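Here is a friendly note to read beside the structure. Please keep the 3D view open and look up each residue as it comes.

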Amino acid sequence: MTTFHIVLGVALIAVNAVAGLYGAWAWWQDRTAPVFWPLLRIGQALVMLEALDGAILLVMGKDLPELHLIYGLVPLGVSFLAEQLRLAAADTVLGQRGLEGRADVEKLSEPDQRELVRVIVRREMGVMAASAVVVALLGVRAAGAL
């Protein structure tokens, strides 16, 4: 393991843990969390960088334990799945309210439209906060598999 890979892994765990816990707290308190989204995206970028660095290490002939590889790659899948669920959040909320699309939303009053957006963003934040916590935990497990 290189120092760079270890430092990147620690940063991945820390940023995703902070993003996940902050997002979960904001979701629980039904508050806006403007810092959550940049933290989440930084955490996701760290996942991609760590996976790329791991691939480079493998190509260079470094021997990594299989369990480390599994726990190191699963966060990519978790992040991808969470993004798909986030994208479905708006459709889910609209369906729950009997709204089929933009035309139905435009018929709502401005306060109702704002409330709809708040509910959608809150749902998205909940999904993404949960994924960040899972990614952080997987990072901890990957570090333990060394």
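1. First, some ground rules. This is a predicted model, in which local features need pLDDT of at least 70 and side-chain atom pairs count only at pLDDT 80 or more, while totals for chains, interfaces and linings use all residues. Residues are numbered from 1 along each chain as its sequence is written, and side-chain values use heavy atoms, with hydrogens and water left out.

2. Start with helix α2, residues 36-59. Helices here are DSSP runs of H or I with at least four residues, numbered from the N terminus. The expected span is 1.5 Å times one less than the number of residues, so the 24 residues of α2 should span 34 Å, and the 35 Å between its end C-alpha atoms agrees. After α2 comes glycine 61, with a positive phi near 95°.

3. Which helices do the buried residues of α2 pack against? They pack against α1 (3-29), α3 (66-96) and α5 (110-144), where contact means heavy atoms within 4.5 Å. Buried means under 20% relative accessible area, exposed over 50% and partly exposed in between, with a 1.4 Å probe and protein chains only. Among the buried residues of α2 are Leu39, Leu40, Gly43 and Leu46.

4. Now for the aromatic rings. Rings of Phe, Tyr and Trp (its six-membered ring) pair if their centres lie within 6.5 Å; planes under 30 degrees apart count as stacked, over 60 as edge-to-face and the rest as tilted. By this rule there are three aromatic pairs. One of them is stacked: tyrosine 22 and tryptophan 25, at 6.4 Å centre to centre and 15° between the planes. These two are three residues apart in helix α1, so about one helical turn separates them. Tyrosine 22 is partly exposed at 27% relative accessibility, and tryptophan 25 is partly exposed at 41%.

5. Phenylalanine 36 and tryptophan 37 make an edge-to-face pair, because their ring centres are 4.9 Å apart and their planes lie at 75°. Phenylalanine 36 is buried, at 0% relative accessible area, whereas tryptophan 37 is partly exposed at 21%.

6. Finally, look at the largest pocket, which holds about 390 Å³ of space. Its lining has 24 residues, and those nearest its centre are His5, Glu50, His68, Gly72 and Ala142. The elements giving two or more residues to this lining are α1, α2, α3 and α5. Glu50 is also one of the buried residues of α2.

Conventions
On a 1 Å grid over the protein atoms alone, a cavity is a set of points where a 1.4 Å probe fits but cannot get out, and a pocket is an open set with protein on both sides within 12 Å along at least five of seven lines; lining residues have an atom within 4 Å of a point. Grid points are joined across faces, edges and corners, and a volume is the space filled by probe spheres set on the points.
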